[in-house]
Amino acid sequence: MTMATEPNKKIVVIDDDPSVQEVVRAYLEKDSYHVFVAGTAADGLSLTARIKPGLVVLDLMLPDRSGEDICREIRERSDVPILMLTAKASEDERVMGLAIGAD
């Protein structure tokens, strides 16, 4: 596979829980992804803008800003797939996540 056709193997994980960061990183690195972790919204937005990942895994409950706000901001400047990682489980919350741009 040439560099021009090689998939973007960079993933940004934005989550403030170190144990979640560790588990997600371990699974993704096992499948040869390059994982970059941020524990705050500010760091996650900066990292996402800087490295242009192929995927963002986003926690909705961060200490400095809501994941919904971060999703909207990323979506304004990028069409990168965004997967939401959250304890929020109601159907309304899932629909809202999709409505703001999560995949």
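Reader: Where is Ser32 found?

Author: Ser32 is found in the loop between α1 and β2. Helices here are DSSP runs of H or I with at least four residues, strands are runs of E with at least two, and both are numbered from the N terminus. This is a predicted model, in which local features need pLDDT of at least 70 and side-chain atom pairs count only at pLDDT 80 or more, while totals for chains, interfaces and linings use all residues. Residues are numbered from 1 along each chain as its sequence is written, and side-chain values use heavy atoms, with hydrogens and water left out.

Reader: What is phi like at Ser32?

Author: Phi of Ser32 is near 70 degrees, a positive value in a residue other than glycine. Most residues other than glycine have a negative phi.

Reader: Which residue just after α2 takes a positive phi?

Author: Lys52, with a phi of about 50 degrees. Lys52 is found in the loop between α2 (41–51) and β3 (55–59).

Reader: Is Lys52 buried or exposed?

Author: Lys52 is exposed, with a relative accessible area of 57%. Exposed means over 50% relative accessible area, buried means under 20%, and partly exposed is in between, with a 1.4 Å probe and protein chains only.

Reader: Stepping back, how many helices and strands are in the protein?

Author: There are 4 helices and 4 strands. Along the sequence they follow the pattern β-α-β-α-β-α-β-α.

Reader: What percentage of the residues count as buried?

Author: Of the 103 residues, 34% count as buried. The protein exposes about 6,200 Å², and carbon and sulfur atoms supply 55% of that area. Accessible areas come from the Shrake-Rupley method with a 1.4 Å probe, and for residues only the protein chains shown count as cover.

Reader: Back to α1. How many residues does it have?

Author: Helix α1 has 13 residues, 18–30. From its first C-alpha to its last it reaches 18 Å, close to the 18 Å expected at 1.5 Å a residue. The expected span is 1.5 Å times one less than the number of residues.

Reader: Which residues of α1 are buried?

Author: Gln21, Val24 and Leu28. Seen down the axis of α1, these buried residues fall within an arc of 80 degrees, so they line one face of the helix. The arc is that of the directions from the helix axis to the C-beta atoms.

Reader: Why would residues a few places apart point the same way?

Author: An α-helix has 3.6 residues a turn, so residues three or four places apart point the same way.

Reader: What sits on the face turned away from the buried side of α1?

Author: That face carries the exposed residues Pro18, Glu22, Tyr27 and Lys30.

Reader: And what covers the buried residues of α1?

Author: The cover includes β1 (10–14), β2 (34–38) and β4 (82–85). Contact means heavy atoms within 4.5 Å.

Reader: Which residues of α2 are buried?

Author: Ala41, Gly44, Leu45, Leu47, Thr48 and Ile51. Down the axis of α2 they fall within an arc of 165 degrees, so they line one face of the helix. Their cover includes β1, β2, β3 and α3 (67–77).

Reader: Then which are the buried residues of α3?

Author: Gly67, Glu68, Ile70, Cys71 and Ile74. They cover an arc of only 160 degrees around the axis, which puts them on the same side of α3.

Reader: Now a strand residue. Where does Val56 lie?

Author: Val56 lies in strand β3. At 0% relative accessibility, Val56 counts as buried.

Reader: What is Val56 in contact with?

Author: Leaving aside neighbours within four places in sequence, Val56 is in contact with Val12, Ile14, Thr48, Ile74, Val80, Pro81, Ile82 and Leu83.

Reader: Is Phe36 buried or partly exposed?

Author: Phe36 counts as partly exposed, at 28% relative accessibility. Its place is in strand β2. Not counting residues up to four places away in sequence, Phe36 touches Lys10, Ile11, Val12, Val13, Leu47 and Ile51.

Reader: How many aromatic pairs are there?

Author: A search of the whole structure finds 0. Rings of Phe, Tyr and Trp (its six-membered ring) pair if their centres lie within 6.5 Å; planes under 30 degrees apart count as stacked, over 60 as edge-to-face and the rest as tilted.

Reader: What sits over the ring of Tyr33?

Author: The charged end of Lys9, 4.0 Å from the ring centre. A charge sits over a ring if NZ of Lys or CZ of Arg is within 6 Å of the ring centre and within 35 degrees of the ring normal.
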